[in-house]
Amino acid sequence: MTRYIRHAAAFCALLLLALLVNATRIQLVQARAYDENPANRRHTIARYGQPRGDILVGGRAVTGSRDSGEQFRYERTYRDGPLYAPVTGFASQVYGTSLLEGAADGVLAGTDPALSLLPLWNDLARARNPGGQVVTTLDAAAQRAAYAGLGARRGAVAALEPSTGRILALVSTPSYDPGELSGTDSAVARAWARLNGAADKPMLNRAIRQTYPPGSTFKVVTAAAALDAGVVRDPDAPTESPDPYRLPGSSTRLTNEVEGCADASLRYAFQWSCNTVFAGLGVAVGRDAMRTTAAGFGFNDRGLGIPFRVSPSTFDARVDRAQLALSSIGQYNTRATPLQMAMVAAAVADQGSVRTPHLVERTTTADGDLVSATGQHTLHRAMNPATAVRLRELMTDVVEKGTGTNAAIPGATVGGKSGTAQHGIHNSGTPYAWFISWAQADDSMTPAVAVAVVVEDAAADRGDISGGGDAAPIARAVMEAVLDR
Amino acid sequence: MLSPGTTAQADPPAPVVRLPRRRGIEFTLLVVAVLLSVYGYCGVGLARTGAVPPGAAGYGAGLGVLALLAHLAVRLRAPCADPLLLPIAVLLNGLGLVLIYRLDLETPADRAAPTQLVWSTLGVGLFIAVVVLLRDHRVLQRYTYVSVVTALALLVLPIFFPSVNGARIWIRIAGFSIQPGEFAKVMLALFFAGYLAANRNALAYTGRRVWLLQLPTGRVLGPILAVWLLSVGVLVLERDLGTSLLFFGLFVILLYVATGRTGWIAVGLLLAACGAFAVGWLEPHVHSRVEDWLHPFASIEAGRGPNQLAQSLFAFAAGGILGTGLGAGHSILIGFAVKSDFILATAGEELGLAGLSAIFILYGLLVERGIRAGLVLRDPFGRLLAVGLASIVALQVFVIAGGVTGLIPLTGMAMPFLAQGGSSVVTNWIIVALLMRLSDSARGRSEEEQQASGAKQRGAEVAP
């Protein structure tokens, strides 16, 4: 019998071996695949298992965490949620993260390896770092001014520091409270459905994700191209432009909202926004040079992230001359985000350079130790410095005695350009009112702020006046907020 | 017995060769087992609240007293018993209590650890009773037929009670639920061992030869086959698949050990394969289990979220090599049965592959020690009983561990000592008590034999 007992023992040993091999298979060989299965909730539980780090504006946290005691334990709270929603985005247990909450998630959730003191230590110890902090470049006063200026209207504001590319304000209205999406209960699902179904799209970040026809504000780009290309050598010389201007190769006649555009100088045309002059200049500059200049300002850049993705602004180069003429006055396929137009204003203010716009000043550990800092980068040189100087003059004229007088600020040099963009079938929609500008305090060596404002449902019906009337006061409020700092 | 002065010659009496009894080793290992359990208990508290849980001292004292009482009983009544069996049982039971306590923290409304502690105490009490009252395992052979009647009665009993979660294996008395099938395991092992020990020659050598197979006479094979078929039939009726698999394995192993006929295994496996296939195909409950085993993520792909097996696999995978640490895992996601059938997933997640392997090896040692007792014993009943009891442990571990790790289709069964379940923990303590008795007989017997042969030798020397 002994022999058979030994066989039985061998059989039991075989069973044991099978268990050990199988356990190794699951826990070692296939562990990663199981871990990454989307139905495995462990990652989400771990993510919300500790308070998220905070997003700071002006040294003050605009986010917080609340212990819900649920499985996804810490819920995100927001201070002034609607005001900062276009920056923070949301961090929802159910719907994931967006904007800064998404782009800086590793730091905020504590999973970023850079947060740990020793590399690989957390992998070994299976420890988690407390959530780090994200310090934004925002100027709280500018943000508030922009939000208050837009009020109940649909629109957006983007403001930059021209010399660095720091984003000072990023506002989109109507907004929403991202705190409504924190947690897992049915109210969250209802809020999600309501926000997504709303006609005025409160979750759309109009400052960076919506492109608008830039209208007359694009004339800054066209003027830069004309000056750089030598099409215009003297801003005060007549441009030999007809009024009305017949689009090349078609019978369509382009007209102006103002008088005196026939054969006007660049200075006059810029000041009063003559469509005919700029359409002609665009055609004279030519497709390729126009495209190059537009690209220098940041158009057609699909890779821009601040750190979250910015929708590319477009200047279509596959156009005939008639379309080029329309493109050059910011119509046809030319589309821009408010952030892009703020970059245009900033380039003029800062001697023709476009700095990489960024929203994150630095990230730190929970204790405030530096994790990473965003440096200043010159993204492109949009135009010659001499051209920038001339454009500064032209833009200053607009505010001093042109369509942008509403943006003037005592004690500061302000340059601006208004715009009205027609849209809809046969331009039936209410025109978008634009205003882009920059401001430099008289006692300062550098311009402090460049801003772009778009108001979707501008009340006025008469051309560029709506840009100067509706959008310029908002731009002025933002610039004042920054200058008063 | 040899006593000085009985021989004419003045030879100094040869010292009786005493085998080391190793009770000291057992005591030391018990201390280690209790300390490890308390360490785990504290670890859960430290991971969850950052403080040693308030019950740690009480828990350690309770487990320590149980271990000490069991140890004293062994010292008094089974001094030659294997020194590993008791510490392994205490460690596994202690670890099981820690795991259940840990899972209780996630389900404050449903605390199972205190109940489990009561059952464990009862189990240790029965362990002591068996060790103290059962002086010689051969007595049990008298109860071969009583055992089988009791086993069948226990198996049939739950049919008269309402089914719980699809299986009709519980009876409820005064708020306590008992699984009679658990106790039936021991009874059936007793019956198989007793019957096969009495009839092994007839089974092995009589009967007609049909082709390659020597069939025993129906008179000998009939009763045992009937008992086995009856029990499996009842279990299928009650949908207790794990236990039917266990009984089948036990029957085949013991039949093989008793007769040494490989042919029986082949026939058994063939029959079982046919039966399993038929049941797996036709019975919807079993069929779904097989489907889950083949496609553990089908429910995820169908958008219904992970099923229990998928959650269990996630838990094991999350553990990796070293585990998340006690109290730091999320095996509670498995939901229902996380404290019973799926307790191993918690061990796998929080102790990792290292801890899981250690647990498997503890079971392996338990089985090995039981089989070793069977090897040393001389009487066929004792040998078969030891192998049978050890096989029960091995098969239980394989069936449930293989099920929750996706090695074989999942069938409900309790992980010995670890899982929540009073009947199970009590039964396994009885199994360990019987193995203690058997190993004591094995080593004590050889001690007696040695003394006897020593006397014989001396007798030869005195002879002219």
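Is B:F417 buried or exposed? In this predicted model, B:F417 has a relative accessibility of 2%. The cut-off for buried is under 20%, so B:F417 counts as buried. The residue sits in a loop of chain B, between α14 (380–404) and α15 (422–462).

What does B:F417 touch, leaving aside its neighbours within four places in sequence? Its contacts include B:A89, B:L92, B:N93 and B:G96. B:Q116 and B:L366 are also in contact with B:F417. B:Q116 and B:F417 are 301 residues apart in sequence, yet their C-alpha atoms are 9.9 Å apart in space.

Now step back to chain B as a whole. The chain has 464 residues, and 53% of them are buried. Its secondary structure comes to 15 helices and four strands. Consider the contacts in chain B between residues at least 6 apart in sequence: 74% of them join residues at least 24 apart. The chain exposes about 19,600 Å², with 68% of that supplied by carbon and sulfur atoms.

Helix α9 of chain B runs over residues 262–282. Its 21 residues reach 30 Å from the first C-alpha to the last, close to the 30 Å expected at 1.5 Å a residue. Which residues of α9(B) are buried? They are B:W264, B:G268 and B:G280. Seen down the axis of α9(B), the buried residues fall within an arc of 110°, so they line one face of the helix. The face turned away from that buried side carries exposed residues: B:L270, B:C274, B:F277, B:W281 and B:L282.

Chain A comes next. It has 17 helices and 18 strands. Of its 485 residues, 55% are buried. Its C-alpha atoms fill a box of roughly 115 × 45 × 40 Å along the principal axes. Among contacts in chain A with a separation of 6 or more, 69% come from residues 24 or more positions apart. Chain A exposes about 19,600 Å², and carbon and sulfur atoms supply 50% of that area.

An unreviewed UniProt entry lists residues 1–23 of chain A as "signal peptide". In the model, this span is 96% helix and 0% strand. Its end C-alpha atoms lie 33 Å apart.

How do the two chains meet? The size of an interface is often given as the accessible area lost when the parts come together. Chain A and chain B bury about 3,600 Å² between them, 73% of it on carbon and sulfur atoms. In chain A, the residues that lose the most area to chain B are A:M1, A:Q27 and A:R42. Together they make up 22% of what that side buries. The contact takes 33 residues from chain A and 49 residues from chain B.

Some backbone details remain. Most residues other than glycine have a negative phi, and most peptide bonds are trans. Where does the model depart from this? The peptide bond from A:T173 to A:P174 is cis, with omega near -5°. A:P174 is in the loop between β9 (167–173) and α9 (186–197) of chain A. A cis peptide bond also joins A:I306 and A:P307, with omega about 10°. A:P307 is in the loop between α13 (287–297) and α14 (321–327) of chain A.

A:K201 is not a glycine, but its phi is about 45°. A:K201 lies in the loop between α9 and α10 (219–229) of chain A. In chain B, B:A337 has a phi near 75°, a positive value in a residue other than glycine. B:A337 is in the loop between α12 (308–319) and α13 (343–376) of chain B. With a relative accessibility of 14%, B:A337 counts as buried.

Is A:P113 buried or exposed? Its relative accessible area is 65%. The cut-off for exposed is over 50%, so A:P113 is exposed. A:P113 is found between α6 (105–109) and α7 (121–125) of chain A. The C-alpha atoms of A:P113 and A:N129 are separated by 8.7 Å, with the two residues 16 apart along the chain.

Notes:
Residues are numbered from 1 along each chain as its sequence is written. Chains are lettered from A and ligands numbered from 1 in the order in which they are written. This is a predicted model: local features need pLDDT of at least 70, side-chain atom pairs count only at pLDDT 80 or more; totals for chains, interfaces and linings use all residues. Side-chain values use heavy atoms; hydrogens and water are left out. Helices (H or I, at least four residues) and strands (E, at least two) are DSSP runs, numbered from the N terminus. Buried means under 20% relative accessible area, exposed over 50%, partly exposed in between (1.4 Å probe, protein chains only). Contact means heavy atoms within 4.5 Å. Accessible areas come from the Shrake-Rupley method with a 1.4 Å probe; for residues, only the protein chains shown count as cover. The expected span of a helix is 1.5 Å times one less than its number of residues. The arc is that of the directions from the helix axis to the C-beta atoms. UniProt positions are given in the numbering used here, feature names are shortened, and annotations may be inferred rather than shown by experiment. Buried area is the accessible area (1.4 Å probe) that two parts lose on being put together, summed over both.
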